[in-house]
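Here is a short report on one protein, written for someone who is just starting to look at structures. Have the picture open while you read.

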Amino acid sequence: MDSKRLALLLALTALLYTTAITAMPASHVASCCTQVSNKVSKKLLKNVKRFEIQDNQSCDIKAVILHKGSLKLCVDSNNKHLKRWMSRSSKKLLSRA
């Protein structure tokens, strides 16, 4: 009888723990790039509204996240073309924000 109560208590605890994690606000959940593209076109970069740098402290890989409307694209942070674009565009994109 006691083992049934213990099992029920453990099951309820697990359920409450799972519910608490799924109910956590999105601001507390990290959204990380898991794959990156090595290629990025000039046409795409012209339409980027903003970008952010994903470091490997909070996520597994380093990446640059390009925001184009509601679309988010993950690009390798070592891409030479992207680095050049970021250095040229950072002031322009910051002034739009």
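## Starting at Gln54

The side chain of Gln54 reaches the backbone nitrogen of Cys33 at 2.7 Å. That is a polar contact, meaning a pair of N or O atoms within 3.5 Å, where within protein one must be able to donate a hydrogen and the other to accept it, and residues adjacent in sequence count only if both atoms are side-chain atoms.

Before going on, a word on what you're looking at. This is a predicted model, where local features need pLDDT of at least 70 and side-chain atom pairs count only at pLDDT 80 or more, while totals for chains, interfaces and linings use all residues. Residues are numbered from 1 along each chain as its sequence is written, and side-chain values use heavy atoms, with hydrogens and water left out.

Back to Gln54, which sits in strand S1. Helices (H or I, at least four residues) and strands (E, at least two) are DSSP runs, numbered from the N terminus. Is Gln54 buried or exposed? With 5% relative accessibility, Gln54 counts as buried; buried means under 20% relative accessible area, exposed means over 50%, and partly exposed is in between (1.4 Å probe, protein chains only). Setting aside neighbours within four places in sequence, Gln54 is in contact (heavy atoms within 4.5 Å) with Ser31, Cys32, Cys33, Cys59, Ile61, Lys62, Ala63 and Ile65.

Not counting residues up to four places away in sequence, Cys33 touches Gln54, Ile61, Ala63, Ile65 and Cys74.

## Two disulfides

In general, a disulfide is a covalent bond between the sulfur atoms of two cysteines. Here a disulfide is counted when a pair of cysteine sulfur atoms lies within 2.5 Å. How many turn up in the whole structure? The search finds two, and here they are:

| Disulfide | S to S distance | S-S torsion |
|---|---|---|
| Cys32 and Cys59 | 1.9 Å | about -70 degrees |
| Cys33 and Cys74 | 2.0 Å | about -75 degrees |

The torsion for Cys32 and Cys59 makes that disulfide left-handed. This pair links distant parts of the chain, with Cys32 in the loop between helix H1 (2-22) and H2, and Cys59 in the loop between strand S1 (50-54) and S2, 27 residues apart. Cys32 is partly exposed, with a relative accessible area of 30%, whereas Cys59 is buried, at 7%.

The disulfide of Cys33 and Cys74 is left-handed as well, going by its torsion. Cys33 is in the loop between H1 and H2 while Cys74 is in strand S3 (residues 71-76), so this pair ties together parts that are 41 residues apart in sequence. If you number the bonded cysteines in sequence order, the pairing reads 1-3, 2-4.

## The nonpolar core

Nonpolar side chains tend to be buried together in soluble globular proteins. A nonpolar core is a set of buried Ala, Val, Leu, Ile, Met, Phe, Trp, Tyr and Cys residues joined through side-chain atoms within 4.5 Å. The largest one here has 10 residues: Val40, Leu44, Leu45, Val48, Val64, Leu66, Val75, Leu82, Trp85 and Met86. Helix H2 (42-46), strand S2 (63-68) and helix H3 (80-96) each give two or more residues to this core, and H3 gives the most, with three.

Take Leu45 as an example. Not counting residues up to four places away in sequence, Leu45 touches Val40, Leu66, His81, Leu82 and Trp85.

## A salt bridge and a buried serine

Side chains of opposite charge can pair when their charged atoms come close. A salt bridge is a side-chain nitrogen of Lys or Arg within 4 Å of a carboxyl oxygen of Asp or Glu, and the whole structure has one. It joins Arg50 to Glu52, with the closest N and O atoms 3.7 Å apart. Arg50 is partly exposed at 44% relative accessibility, and Glu52 is partly exposed at 32%.

Now look at Ser77, in the loop between S3 and H3. Ser77 is buried, with a relative accessible area of 14%.

## The overall picture

The protein has three helices and three strands, following the pattern α-α-β-β-β-α along the sequence. Of its 97 residues, 21% count as buried.
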